[in-house]
Amino acid sequence: MSNSIVRAVAAPGARRGFAACAALALGAATLAAAGALAFPTAAHAGGSPEGWASMNGGTTGGAAGPTVTVSGADALVDAMESDGPLTIQVSGSIELSGMNDVTSDKTVVGLGSTAEITGGGLNISEAHNVIVQNIAFSDWGDDAVNVQRGSTNVWIDHNSFTNGYDGAIDVKRESDFVTVSWNHIYDHSKSMLLGHDDDHTADRGHLRVSYHHNFFDGSDQRHPRVRYGDPVHVYNNYYRDVSAYGVASTMDAGVLVECNYFENVENPTHVGYADSDPGRIEARGNVLVDSGPLETAGSVDDPPYPYVLDDCARVPQIVSAGAGPGNI
C-alpha cells in the first residue's frame, strides 16, 4: 500500500480501511483430503473494506471460523460449499471448470503471491459476508466472480483478472453492499457489469457498490456498466488505454465518478449506452490525460460512509503499485 496524500475526507476521522487495519488473526492448516477441515495454527489474510461493504454490519468473511489451505480443485470446491464461517487459503494454481458456489461467511484468499484460479469461476449466490482476495484469475469460461440473487456484504479485493470469456466481476439480481477494490484488469474485454439487464427492475433500491483503486489496464469496457444501482461510487481508479469506454450509467442509475485518472481513454463516461435508457453521472475532480470529455447528467447522492480520497494526480503511481495480488 502507498503512503497516500489525503486529499478529501467524507466524514471526520475517516481512515482507509485496508491500510489502517491490522491483519486478521487467522491461521493456516493443510487439507489432507477434500472437505477435511482443520483448525488454524498460523496467520494469513487481513484488512477490512472501505465503501459499501463496510455498511450493513460490515464484511468479515470467514474470520469467525477456522482456516484451511487447499491446493486442488476438489478441496477448494468442498471448502467453499461448506456450512459455517471458514477462511480458505488457496495455495498455488488451481484449475476449475464452470461456476462454483461460495456460501456465506467465507474468505477465499490467495496464500503468498502465487495463488491463481484458472478455467472456472466463483458464484456468490444468495450468500452473505464473503471476501475474495489476493488471487490471479485467468481463462474463465463464464464469469470469474459472479455476485447475484440478493447476496450482501461482499468484498472483492487485490485480485487480477485476464483473458476470460465474460465478466471479470459481475454484480446483479438485487445484490447489495459490495466493495470492489485494488483489482488489476488487463488483456480482457468485459470487466465489471452492475445490473442484470434492462428488464430486471427488481434491482431498484439495491446494487449499492463501491469501486475504488482498481487498475483498468488496456481493458475494453464495463468499468463498470451500471443499471439501476444508486448511489454507486467510482473513485480513485486508474484507467489506462481503455478502448471502448470507462463508466456507463443507464436505467436511471446514479453514479458518482470521483477523483479517477483517465489516460488515453476516448470515452471516459457514458450517460446511457447501447439500447439502455440513460442514467445519471456526477463527476468530481477527475484527471483527463489524452482522453475525451466526461459525459455527465443529473445529480447523485453522496455515499453514507466515511472514505479518503488519494491525490487525484498521483492515482497512477498509487494504484499501479498497489493493485493486484501480492500487495495485501
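Rings of Phe, Tyr and Trp (for Trp, its six-membered ring) are taken to pair if their centres lie within 6.5 Å, with planes under 30 degrees apart counted as stacked, those over 60 as edge-to-face and the rest as tilted. By this rule, 11 aromatic pairs are counted. One of them is formed by Phe215 and Tyr238, which are stacked at 4.9 Å centre to centre with 10° between the planes. This pair links distant parts of the chain, since Phe215 belongs to strand E19 (residues 215–217) and Tyr238 to strand E22 (residues 238–240), 23 residues apart; strands (E, at least two residues) and helices (H or I, at least four residues) are DSSP runs numbered from the N terminus. Both Phe215 and Tyr238 are buried, where buried means under 20% relative accessible area, exposed over 50% and partly exposed in between, with a 1.4 Å probe and protein chains only. Tyr238 also pairs with Tyr261, in this case edge-to-face, at 5.9 Å centre to centre and with 80° between the planes. Here again distant parts of the chain are linked, Tyr238 in strand E22 with Tyr261 in strand E25 (residues 261–263), 23 residues apart, and both residues are buried. Elsewhere, ring pairs join Trp52, Phe177, Tyr235, Tyr305 and Tyr307 into a cluster. The charged end of Arg208 sits over the ring of Trp52, 5.5 Å from its centre, the criterion being that NZ of Lys or CZ of Arg is within 6 Å of the ring centre and within 35 degrees of the ring normal.

The model is a predicted one, in which local features need pLDDT of at least 70 and side-chain atom pairs count only at pLDDT 80 or more, whereas totals for chains, interfaces and linings use all residues. Residues are numbered from 1 along each chain as its sequence is written, and side-chain values use heavy atoms, with hydrogens and water left out.

Overall, the protein contains three helices and 29 strands, and buried residues make up 56% of its 328 residues. Of the contacts (heavy atoms within 4.5 Å) with a separation of 6 or more, 62% are accounted for by residues 24 or more positions apart.

Strand E21 (residues 232–235) is joined to E24 by four bridges in parallel, with Val255 in E24 as the bridge partner of Val232. E24 is in turn joined to E27 by five bridges, also in parallel, and Val255 stands opposite Ile281 in E27.

A second open sheet has eight strands in the order E5-E8-E11-E14-E17-E20-E23-E26, again with parallel pairing. Because strand E5 (99–101) and strand E26 (269–271) stand at the edges, each with a single partner strand, one side of each is left without a neighbour in the sheet. The twist averages 15° from one strand to the next. Strand E23 (residues 247–250) runs parallel to E26 and is joined to it by three bridges, with Ala248 opposite His270 in E26.

Arg173 lies in the loop between strand E14 (169–171) and strand E15 (176–181). Not counting residues up to four places away in sequence, Arg173 touches Gln148, Arg149, Gly150, His196, His200 and Asp203. Arg173 and Glu126 are 47 residues apart in sequence and 9.8 Å apart in space, C-alpha to C-alpha.

Note on methods. Pairing = 2+ DSSP bridges. Axes fitted to C-alpha atoms, helices over the stretch in contact; angles between N-to-C directions.
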